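Me: I would like to learn how to read a few features of a model. Please take them one at a time.

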Amino acid sequence: MNPAQGWSIWLKCALAALLGALAAFGLAPFGVWAATLVALVLLAPLFLSTETRGRAAWVGWAFATGYFAHGLSWIIEPFFVDAERHAWMAPFALVFLAGGLALFWALAFWVARRPRGNAVAQSVFLAVAVSLVEFARGYVLTGFPWAGLAQVWVGSPTAQLLSLVGPYGLGALTLLATLPLGAALTQRSGLALPLGLTVAVACLALGYATTRPVVTETDHVVRLIQPNAPQHQKWDPDYAPLFFARQIEFTASQPQPDLIIWPETSIPAWLGSAQPYLNAVVDAAQGTPVFLGIQRGDGPRIYNSMIYLDEQGQQQGLYDKHHLAPFGEYVPFGEMMAKFGIYGMAATSGHGFSAGPGAALMDAGKLGKALPLICYEAVFTQDVLSAPGRADFLLQITNDAWFGTRSGPYQHLAQAQMRAIEQGLPMMRSANTGVSAMIDPLGRITQALPLNQAGFIDATLPAPLAPTVYSRIGDVPVFVLLAALFALIWRNARPDHA
């Protein structure tokens, strides 16, 4: 007997929202993945207790809104960097982001609910439908896959499945291991199949983790620079020279490594007028190559870029960020929105930054090829998959000062760890305020600087692993399998007129 049967829709939605907020405790910095699993198991009875598809959609929307509101609460932080201009938008940003993303889940709940159908079958259908809308959330309108269910597994053996099925596949397995089990527990019958599915997923995760290869280290040492420049002071003329001098001091420290990484937009000048600053970097590096973040202009367009200075101090590489943050680096319909005083928070005009041509590899000399990722780009597995070739390591430079000091920087770091596991490649991560880290191909942090601490680390570069299954096949097979399963269940579902 379903205990939620007969409850009012308002009570069901309130409980669903609370369960969603509980589920978000699986995300960093908490990492309590068991909370996510329990919340998903308990969600199934609420879903099955709804009398119509419309009410099921409301329950799904409430759960996802609670999940995203808690998990993405860091989104308000950027609006308080320049509070006078942007603070008024903070509550709207959180409400509309959480509620808007939750519409994807509402659609899945609406499609999957068949009030007179088999409970376990419907929960399987729901798991498949939610998995498909999570694909949509990651790709539609430039995508926003932050806080995907796979993210809760970072730091656990289960995360190694990312190298096999990727983030969407691992999210689907998480749903299949929990929702049918919740349905079976509700009706107290037909428990064998859902319990077997849960045990099978657990065995797959733990068994696969034991097969992962041993990571070895190269003889290369990389210096990751972290100046710790708070966003409200980063471009202040009274403070910018201090932060630049701090990075110069860290760069010149002995003994010299094989490569030095400065964070995103770490040079306080545009590339076209930055030569005095670059000369200072070259002098401090003493023949060590340097990757660094800088802004540049090209006619009316501006770019968020990364350059590479070789052993002779010559610029030998340039990469322009291509996956821009909406409402951060640009605003859709920017010129029109500017008339209402709405600009991208990191932009300097209505149109904001321009997107680069796409993913690229950069030559890093004796260390091999780097796949550059600037800030937000590390959130998107498709940006890594679209690289024109296989890199020897992933390189993320970022300015997480925008994300505050609570959950945002840690969740961003977790997603960098996911990209490393998916590709079987080490990840170098230099962050303005942290967390700067060296991440090995199994997603483990080998060395790191804490948040909001100025300094540097000299970390040994782990060797890459062989290309993973996921790096070879990408998301298409998982999507096709889910779509085929969705079509099969839809076709065989008992007709009803709910």
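Me: Is phenylalanine 30 buried, partly exposed or exposed?

Reply: Some ground rules come before the case. This is a predicted model, in which local features need pLDDT of at least 70 and side-chain atom pairs count only at pLDDT 80 or more, while totals for chains, interfaces and linings use all residues. Residues are numbered from 1 along each chain as its sequence is written, and side-chain values use heavy atoms, with hydrogens and water left out. Buried means under 20% relative accessible area, exposed over 50%, and partly exposed in between (1.4 Å probe, protein chains only). Phenylalanine 30 has a relative accessible area of 46%, so it is partly exposed. Its place is the loop between helix H1 (9–23) and helix H2 (33–48); helices (H or I, at least four residues) and strands (E, at least two) are DSSP runs, numbered from the N terminus.

Me: Which residues make a nonpolar surface patch with Phe30?

Reply: Patches take residues with over 30% relative accessible area and no salt bridge, joining nonpolar side chains (Val, Leu, Ile, Met, Phe, Trp, Tyr) within 5 Å and like charges within 9 Å. A salt bridge is a side-chain nitrogen of Lys or Arg within 4 Å of a carboxyl oxygen of Asp or Glu. Here Leu22, Phe25, Val32, Val38 and Leu42 make the patch together with Phe30, and it covers about 480 Å², an area from the Shrake-Rupley method with a 1.4 Å probe, where for residues only the protein chains shown count as cover.

Me: Why does serine 407 count as buried, and what is it in contact with?

Reply: Serine 407 counts as buried because its relative accessibility is 9%. Contact means heavy atoms within 4.5 Å. Leaving aside neighbours within four places in sequence, serine 407 is in contact with Ala28, Pro29, Gly71, Ser73 and Trp74. The loop that holds serine 407 runs between strand E8 (393–398) and helix H14 (408–423).

Me: How many bridges join strand E4 to E3, and how many join E4 to E5?

Reply: Two strands pair if DSSP finds at least two bridges between them. Strand E3 (residues 290–298) runs antiparallel to E4, with nine bridges; glycine 297 stands opposite isoleucine 302 in E4. Strand E5 (residues 315–320) is also antiparallel to E4, through five bridges, and methionine 306 faces tyrosine 319 in E5.

Me: What do the turns of these hairpins show?

Reply: Two residues lie between E3 and E4, and glycine 299 in that turn has a positive phi of about 65°. The hairpin of E4 and E5 has five residues between the strands, with glycine 313 at a positive phi near 80°.
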